[in-house]
Amino acid sequence: MIVAETATGFQFVTQPAHAALAGQFADHWGTDRFDRPEQFASLALAAYTHDDGWYGYDRRPHLDGSGEPVDFREMPPKPWIDLYEDGIDDVAATDAYAGLLVSMHGAGLRKQRYGLSPNWPPTPPEFEDFLGREHRRQDQLVAQLLHDGQSPVSDTDRRLLQSLHDSNTVPDGYDGQLWPDYRRLQAWDELSLAFCITDSPPGYAEIDGVPTTGPRGGTTLSISAAGEQTYRIDPYPFDTVPLEVLVPYRTVPKKAVTDDESLVSAYYDARRATRSITLVPAES
């Protein structure tokens, strides 16, 4: 659950709803400056499903020990690991390449996003075993994809994974597809979070490391308000102008939350609202 404190209450956006917004960005990704993924179906599946493991957990909002709603960034290790592994299992069973990307997403959250977020803390001890299992899963999925011979992965991606697992670095001369596809998923995830983690978007002014063209090309997207629920994206990566997307949420009054049961009751009593967001280029 993504929780944002408002002036009078708490805004809740479920993780699957956030992932659906990332999927909307994936659907329209691609311009002369931003490559549309070659393996588009797998990338779209990864975007829409990368947080599917949260479905059960997010049916019931939770309170922490101080009586505050639990935000996704404050989850205890055990349920976090369980739900991520369950979600990755399901995606990998549907599409091996999508499963590989979703595994990299989940593991990367506990490994500085494989170098994209070097200022994040190193892997906490509680997540070391999870990271080891996902790295083994990634190696197995790449081996499966190479054996099948019908995916964009190559031996250079096998070497990429080894380097990311060991040192969060991309090998010199890398020319594969996996790294830019992982970065696309990260860009869609962060762009979605920018409109979910606050009731006054954007939550982030910039998104770094966004892939443009080729295996290594990248740029920074800036996000700025341009009017009522309208935001400028620079440079603009979408194939339609403007792009209109939807974010479903619920807002619970603070005074209605006294314990776990009152939170659940107030959450489902709250009217489900939908925020319409319009994205335009900087020159609009």
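Reader: Where is proline 242 found in this model?

Author: Proline 242 is found in the loop between β5 and β6. Keep in mind that the model is predicted. The peptide bond from valine 241 to proline 242 is cis, with omega near -10°.

Reader: Which other peptide bond is cis?

Author: Look at the bond from aspartate 234 to proline 235, which is cis with omega near -5°. Proline 235 also belongs to the loop between β5 and β6.

Reader: Thanks! Now the sheet: in what order do the strands come?

Author: To read a sheet, start with which strands pair. Here, seven strands form an open sheet with mixed pairing, in the order β1-β2-β6-β7-β5-β4-β3. Its edge strands, β1 (2–5) and β3 (206–211), each pair on one side only. On average, neighbouring strands are turned by 35° against each other, direction ignored.

Reader: How many bridges join β5 to β7?

Author: Four bridges join β5 (residues 230–234) to β7 (residues 273–281), and the two strands run parallel. Arginine 232 has valine 280 in β7 as its bridge partner.

Reader: Which strands does helix α8 lie across?

Author: Helix α8 (residues 178–194) lies across β1, β3, β4 (218–227) and β5, at about 160° to β3. Helix α9 (residues 260–269) lies across β2 (9–13) and β6 (243–253), running at about 135° to β6.

Methods. Residues are numbered from 1 along each chain as its sequence is written. This is a predicted model: local features need pLDDT of at least 70, side-chain atom pairs count only at pLDDT 80 or more; totals for chains, interfaces and linings use all residues. Side-chain values use heavy atoms; hydrogens and water are left out. Two strands pair if DSSP finds at least two bridges between them. Axes are lines fitted to C-alpha atoms, for helices over the stretch in contact, and angles run from 0 to 180 degrees between N-to-C directions. Contact means heavy atoms within 4.5 Å.
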